[in-house]
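I opened a notebook page to record what I looked up in one protein structure. The entries follow the order in which I checked things.

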Amino acid sequence: MTSPAAELQGITKRFGAVVACDNVDLALQRGEIHGILGENGAGKSTLMKVLIGLVLPDAGAIRINGESRRIGDPAEAAELGIGMVHQHFSLVEPLTVWENVILGEPIRLDAAAAKRRVGEISERYGLAIDPDERISDLSAGLRQRVEIIKCLRRDPAIVILDEPTSVLTPGESEQLFEVLRLVVERENKAVALVSHKLDEVLAATDQITIMRAGAVVDRRDTADADAPGLARAMVGRPVSLRSEGAALGHIEAFEDDRLATGPVVEAARATEPQPVLSIRGATARGRDRRTLLDGLSLDVHPGEIVGVAGVEGNGQAALSDLLSSLLPLESGTVRVRDERPLPGRPGAMAAAGVAVVPADRHESGCVLDMTVAENLTLVSPPRPRTGRALLDRAGRALLDRAGRQAHAERLIEQFGIQTPGADAPMWSLSGGNQQRVVLARELSGDPAVLVAAQPTRGLDVGAIEYVSERLREAAADGVAVLLISTELEEVLDLADRIVVIFRGRIVGEMDRANLDVERLGLLMSGAQEAAAS
């Protein structure tokens, strides 16, 4: 029997007390796409980084074409015929496609030869792209093509793709898998597809290995696999694909349940015709004068969840910054109830009743070196029992420590935050519990508007369930919830109404009763907008 193209035996890798990979075996065969499935943090990416030479294992062996190898860095991996397309782009935006493709090559610069090489790979694998196009002018889908061309330029026998669809529309994802199948059939290559999404693994692979908590828990032929069985193996218990499809990437569950929350939206609008949040003609630029928001208009009514769908990098971060008082406008207005807070003025949005769960909780949602109690009172410390702020001789507010402690302990119990105590450092909590702290703080101020940006990014299924339920409860209590997420499954799961953002503008809208995933994908790619114009 022919040896596997790559074989990992007993791979173990620890990071301090965390065992990222625990005695993992994996074989990649030529002519097959092998899906490596698991939740975020299951150990999938670490395992692939061992194979590509980015991480050295603590124990175990690697065999390439039957021969034992020690892979110390990506250059050695490349010499052995291993290439990887990473989850996050590593492109230099001011450079062109061909310049990025040859970047780092130890060869004499030859622009004409480099362009020819890009053209050859483009034609060979159906990855049409202009070699002279600047990366900064390309969509996320085209940037993914450049990353794949970079990987294929050395004609690797083993191709690893780590969460390749995280920044792609459904149509772009489908096209990517068509290219993958072409690579496998024409070149007899071995392909490893790392993913946490059920739909794409079932659609694109031949074999599936499921990891959980750093270990392999199941292996299956894709032909014998189904979504419920894979989901159960991923999380270790039976799951409802309707309620957990956002975590597991199962779009069909939402297409089959289009009317789940439609009547709630209509009822909310009938009783509350005026939106709580109204943005009109918002235009903003970054420090480099690049347009971030381009005449964006958006309404959110009380009691509804409006999901903002779109490929990453189309203005989602700017919209969140606008509602966090971090981004001023060149033109346009923001209205919250009857107030018009001044965009860009520190604290203006919060004072008007806007609470924000930021996309990166570590960067702007919490302070890891502070205690849980301190993080729970970062925005507005609780007042003493008298209801009046305590002032020092200079008129500055003094912190009521007893009040803060009682406030923190109340929120810890109310939101089920798993912590040794209110004085525990924030860094000692799991990611899911850190997100509970952020949610508790933002919701404890009784906001009129809750902006949730990427609220479940990096969380496990249990934490995703909890956060999702809290967002639904907030809407049920009359809060206007704006969900900004690049995970389409999450938007489909939670939103009563979906708007699509593309290049800083809202280009389309649909409610759950009229859900059309294909049209949604076209809007996300800008195709329908172009056709309409």
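Below are my entries, from the whole chain down to single residues.

**Entry 1: the whole protein**

I noted before anything else that this is a predicted model. I looked up the secondary structure and found 21 helices and 21 strands. The chain has 533 residues, and 51% of them count as buried. I then looked up contacts between residues at least 6 apart in sequence, and 65% of these join residues at least 24 apart.

**Entry 2: salt bridges inside a helix**

I wrote down a reminder that side chains of opposite charge can pair when their charged atoms come close. How many salt bridges does the protein have? The count comes to 18.

I looked at R117 and E120, which form a salt bridge with their closest N and O atoms 3.7 Å apart. Both residues lie in helix 4, which covers residues 111-125. They are three residues apart, about one turn of the helix. R117 is partly exposed, because its relative accessible area is 26%. E120 is also partly exposed, at 47%.

Next I checked R470 and E473, whose side chains meet in a salt bridge at 3.5 Å, N to O. Both lie in helix 18 (residues 461-476), and they too are three residues apart, about one turn of the helix. Is R470 buried or exposed? R470 has a relative accessible area of 15%, so I put it down as buried, the cut-off for buried being under 20%.

I moved on to D155 and K189, which form a salt bridge with the closest N and O atoms 2.9 Å apart. D155 lies in the loop between helix 5 (140-152) and strand 7 (158-162), and K189 in the loop between helix 6 (170-187) and strand 8 (190-195), so this pair ties together parts that are 34 residues apart in sequence. D155 is partly exposed, with a relative accessible area of 38%. K189 counts as buried, because its relative accessibility is 3%.

I also recorded a network of salt bridges that links R285, R289 and E330.

**Entry 3: a charged patch**

Which residues form the negative surface patch? I found E174, E178, D516 and E518. I looked up D516 in particular. D516 sits in the loop between strand 21 (505-511) and helix 20 (517-525). Its relative accessible area is 34%, so D516 is partly exposed.

**Entry 4: positive phi angles**

S325 is not a glycine, yet its phi is positive, about 65°. S325 lies in the loop between helix 12 (316-322) and strand 14 (331-336). S325 counts as buried, because its relative accessibility is 6%.

R337 has a phi near 55°, again a positive value in a residue other than glycine. The place of R337 is the loop between strand 14 and helix 13 (348-352). With a relative accessible area of 43%, R337 is partly exposed.

Notes
Residues numbered from 1 in each chain as written. Predicted model: local features only at pLDDT ≥ 70, side-chain atom pairs only at ≥ 80, totals over all residues. Heavy atoms only, no water. Patch = residues over 30% accessible without salt bridge, like charges linked within 9 Å, V, L, I, M, F, W, Y side chains within 5 Å. Areas by Shrake-Rupley, 256 points an atom, 1.4 Å probe, with all protein chains shown as cover. Salt bridge = Lys/Arg side-chain N within 4 Å of Asp/Glu carboxyl O. Lys, Arg positive; Asp, Glu negative; His and termini not counted. Charge placed at Lys NZ, Arg CZ, Asp CG, Glu CD. Helix = DSSP H or I, 4+ residues; strand = E, 2+ residues; numbered from the N terminus. Buried < 20%, exposed > 50% of the residue type's maximum accessible area, 1.4 Å probe, protein only. Contact = heavy atoms within 4.5 Å.
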